[in-house]
Amino acid sequence: MPKRKGAGRQKGSRNRGYFFRPNRGWFSKDKGGKFVPLLDESGERIRQRDTPETVLRDSFARLILAKPAPVEPVEPCATVLEVCRAYLAKAREENGENKTFKDRLESLFDFCFGLPARFRNKHGEPSGKQTRADYTHPGFGDWPVCQLKKIDIDRWLQAHEGWKSSSTKRTHLKAIIKAINYGAGAGLVPRNPIKGYSVPKMMARVVYITPEQEAALREAASPALALAIRVLIRTGMRPGIEFAALAARHVKDHGDRMELVFPAAETKTKRRARVIFVTDSEIIAIIRRQIRLHPSGPIFTTSRGTPWIVDNLSKRFRDVRNKLARAGMAFDKDCVLYATRHTFAKRILEGYWSGKPTNIETLARLMGNSPAICRAHYLQWDATSTEFLWQSA
């Protein structure tokens, strides 16, 4: 079929950057798709279809050269260290220096300075006592956050040979992701350059302390630690924010039962009050005695009479566990201090103390969690827990 006169550029022909519009003249298009007329040397629009190619090329060249160079916007972008410090200040203000805060502080210090947390001084700076050999990586603190790439996060993890487990990697990664998310939300950085970074899924601990292991732990521990283990397993309290912080003002004594009430501001989520229900007469008697000994401040203390710090409590538990393990007692690989809370959950579910098995919704209320969290964390049974299953079969 012959080409219709005035039909414009033929399909497949070379795109020169300009074209003829019938009855209108020669045009180009800008980046926004707007038609821009070609002009001759005198500034008049070129309307003739048979205009020489050289004239059109010269006109198009003038048009291109006349366009102002695009100005790249300069976006403010704080350094990694500035963002991390801002995030930590906000986290300290909202939650205090709890275990989660300390873990993230150590991770961010490592990320910024390339040094293990033991080299951090009280001001959050490197202590100055380190040598070249102490650095695990160069550190990212001086980098603008905008220059970070996901591969840099991979390299940071790879620089730490000891960070093998997915849970360890997850703990360190969450610190970086939380900090940069905060920076983006606070306007310190224009965007999050590692948004969508894949974080290992959280693996629930499969752990239980058997009555025999509990008895051995309490016998091998100091009196103060033995008391802590006993109360933690029977109440399901969180070791740090609840057990170590418990004071007389939290206790509502109803005679044959007690409520341990933490206001929302003192709880893990800061959303609602946490209530721990105590019906065991021996635990009630222990709490009353501890209040008489320590009417102000935390009622549970170390053997020296100082309030427990969760890090110290955890270390003492591991020391006793390791001592028993060397003597031949087997423990689950995840048997740490927090296993006391897992033990409480499993014993409540199977009715260990009450003789009445309960459901996951009731357990959630007793533990201060949602049913979904309880299902994800406390329904896994280890090899030592099969007796519960036999009893329920």
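Me: What makes Glu 94 count as partly exposed?

Reply: Glu 94 has a relative accessibility of 45%. This is a predicted model, and the label covers values between the buried cut-off, under 20%, and the exposed one, over 50%.

Me: How many salt bridges does the rule give?

Reply: The count is 14. One of them pairs Glu 53 with Arg 16, at 2.7 Å from N to O.

Me: Why can you say that the Glu 53 and Arg 16 pair ties parts together?

Reply: Glu 53 belongs to helix H1 (residues 53-66), while Arg 16 is in the segment before strand S1 (19-21), so the bridge spans 37 residues of sequence. As for accessibility, Glu 53 is at 26% and Arg 16 at 28%, and both are partly exposed.

Me: What makes Arg 85 and Glu 125 a salt bridge?

Reply: Their side chains come to 2.0 Å, N to O, and the limit is within 4 Å, so the label holds. The pair links distant parts of the chain, with Arg 85 in H2 (residues 80-95) and Glu 125 in the loop between H3 (99-113) and H4 (150-158), 40 residues apart. Arg 85 is partly exposed at 40%, and Glu 125 is partly exposed at 28%.

Me: How do you know whether Thr 302 is buried or exposed?

Reply: Thr 302 comes out at 8% relative accessibility. Buried means under 20%, so Thr 302 is buried. Thr 302 is in the loop between helix H9 (281-293) and helix H10 (310-326), and its contacts include Pro 307 and Trp 308.

Me: Which residues have the most contacts inside the largest nonpolar core?

Reply: Phe 243 and Phe 300 do, in a core of 39 residues. Among the elements giving two or more residues to this core are helix H6 (211-220), strand S5 (258-262) and H10. H7 gives the most, with nine residues. Phe 243 touches Phe 300, and also residues including Val 231, Leu 232 and Leu 313. There is also a second, separate core of 32 residues, with Leu 115, Phe 119, Ile 180 and Val 189 among them. In soluble globular proteins, nonpolar side chains tend to be buried together.

Me: Are H2 and H3 roughly parallel or roughly antiparallel, and what makes them so?

Reply: They pack at about 170 degrees, with their axes 10 Å apart. Angles over 145 degrees count as roughly antiparallel, so that is what H2 and H3 are.

Me: Which residues meet where H2 packs on H3?

Reply: From H2 they include Leu 81, Tyr 87, Leu 88 and Arg 92; from H3, Phe 101, Arg 104, Leu 108 and Phe 111 are among them. The contact residues divide into twelve nonpolar, no polar and two charged.

Notes
Residues are numbered from 1 along each chain as its sequence is written. This is a predicted model: local features need pLDDT of at least 70, side-chain atom pairs count only at pLDDT 80 or more; totals for chains, interfaces and linings use all residues. Side-chain values use heavy atoms; hydrogens and water are left out. Helices (H or I, at least four residues) and strands (E, at least two) are DSSP runs, numbered from the N terminus. Buried means under 20% relative accessible area, exposed over 50%, partly exposed in between (1.4 Å probe, protein chains only). Contact means heavy atoms within 4.5 Å. A nonpolar core is a set of buried Ala, Val, Leu, Ile, Met, Phe, Trp, Tyr and Cys residues joined through side-chain atoms within 4.5 Å. Axes are lines fitted to C-alpha atoms, for helices over the stretch in contact, and angles run from 0 to 180 degrees between N-to-C directions. Angles under 35 degrees count as roughly parallel, over 145 as roughly antiparallel, 65 to 115 as roughly perpendicular and the rest as oblique. Ala, Val, Leu, Ile, Met, Phe, Trp, Tyr, Cys and Pro count as nonpolar, Asp, Glu, Lys and Arg as charged, and the others, Gly among them, as polar. Lists of a residue's contacts leave out its neighbours within four places in sequence.
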